[in-house]
Amino acid sequence: MEYAAYAQFVDLEEEHFWFQGRRRIFFSLLDKYLEGRKDLEILEVGCGAGGLLKRLSAYGNAKGMELWPELCKIAKDRSKQSMICGNAYAIPLADQSQDLVCLFDTIEHIPEQEKALAEIYRVLKPGGLVFFSVPAYQFLFSNNDRVAHHCRRYTRSRLQKVCKQAGLKARKVSYFNTFLFPLILPAVLIEKAKERWIGLRDPNKTNLSRTFPGPINTAFATVMGSERHLLRHVSFPTGHSLLGLFQRPTSPDQA
């Protein structure tokens with residue numbers, strides 16, 4: 001993703017409904033599966049401006065990893081957590097050293113996802129967890145994905161397949177941002193039609209550039225965030241995004 005996009009995230013991460021909604025969903029599920037643990041070794045790969053990293057510290061020793069030194073500084077200043085300047089192909093951590101690895105909307109940016117997943121498997125302790133969130137459905141790939149430097153979008157089966165090949169066992173895989181999907185889907189398809197037939201007015205514009213009046217933004221955040229209550233118990237069959245919680249088996253026979 002372009003460095004300038006992260007500067008935009010610093011301004012939007014606390015207020016935009018998408019950030020608010022996903023944050024509520026992610027940490028509701030982490031609370032459930034981590035069962036009150038506060039002593040974990042945690043790595044967030046692609047932590048961006050550090051908005052979620054500071055919240056991961058509630059579960060233990062959280063550290064972030066980013067490519068750019070400038071972005072590492074922003075994330076460190078903002079989260080007050082340790083930072084690693086590096087990439088997912090060569091994570092500078094010891095084998096079997098991490099209890100939890102998080103990639104919040106990150107793996108879709110990585111060209112060689114299999115190479116990155118092999119590294120994630122390597123640094124995970126047996127029984128350790130990895131949490132993914134990714135954009136859903138390749139047919140929705142649009143200018144927003146190109147600006148964000150997405151390599152792909154996912155379906156449930158695509159995410160499960162690549163993780164299984166890496167040796168990771170699925171604990172929870174579900175679509176989310178489901179309640180707003182009936183509004184999002186036609187909007188994206190209309191924008192794709194405009195791209196094809198009219199052209200782009202601003203090729204550098206992302207979906208997050210579109211802001212909403214306060215009451216509408218709050219309503220969207222409330223609706224999206226409310227999915228967390230159901231997602232603790234069931235998985236959704238469709239949605240604009242997808243999440244996956246996978247585990248490194250504790251022994252080879254559990255793979």
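Ser28 is found in helix α2 (residues 17–34); helices (H or I, at least four residues) and strands (E, at least two) are DSSP runs, numbered from the N terminus. The model is predicted, so local features need pLDDT of at least 70 and side-chain atom pairs count only at pLDDT 80 or more, while totals for chains, interfaces and linings use all residues. Residues are numbered from 1 along each chain as its sequence is written, and side-chain values use heavy atoms, with hydrogens and water left out.

**Ser28**
- Ser28 is buried, with a relative accessible area of 11%; buried means under 20% relative accessible area, exposed over 50%, and partly exposed in between (1.4 Å probe, protein chains only).
- Apart from neighbours within four places in sequence, Ser28 is in contact (heavy atoms within 4.5 Å) with Arg228 and Arg232.

**Ser97**
- Ser97 lies in the loop between β3 (82–85) and β4 (98–104), and is buried, with a relative accessible area of 17%.
- Neighbours within four places in sequence aside, Ser97 is in contact with Glu41, Val123 and Lys125.

**Helix α7**
- Leu159, Val162 and Cys163 are buried in helix α7 (residues 156–165).
- These residues cover an arc of only 100° around the axis, which puts them on the same side of α7; the arc is that of the directions from the helix axis to the C-beta atoms.
- Ser157, Lys161, Lys164 and Gln165 are exposed on the other side of α7.
- The cover over the buried residues of α7 includes α5 (113–123), β5 (124–135) and β7 (241–247).
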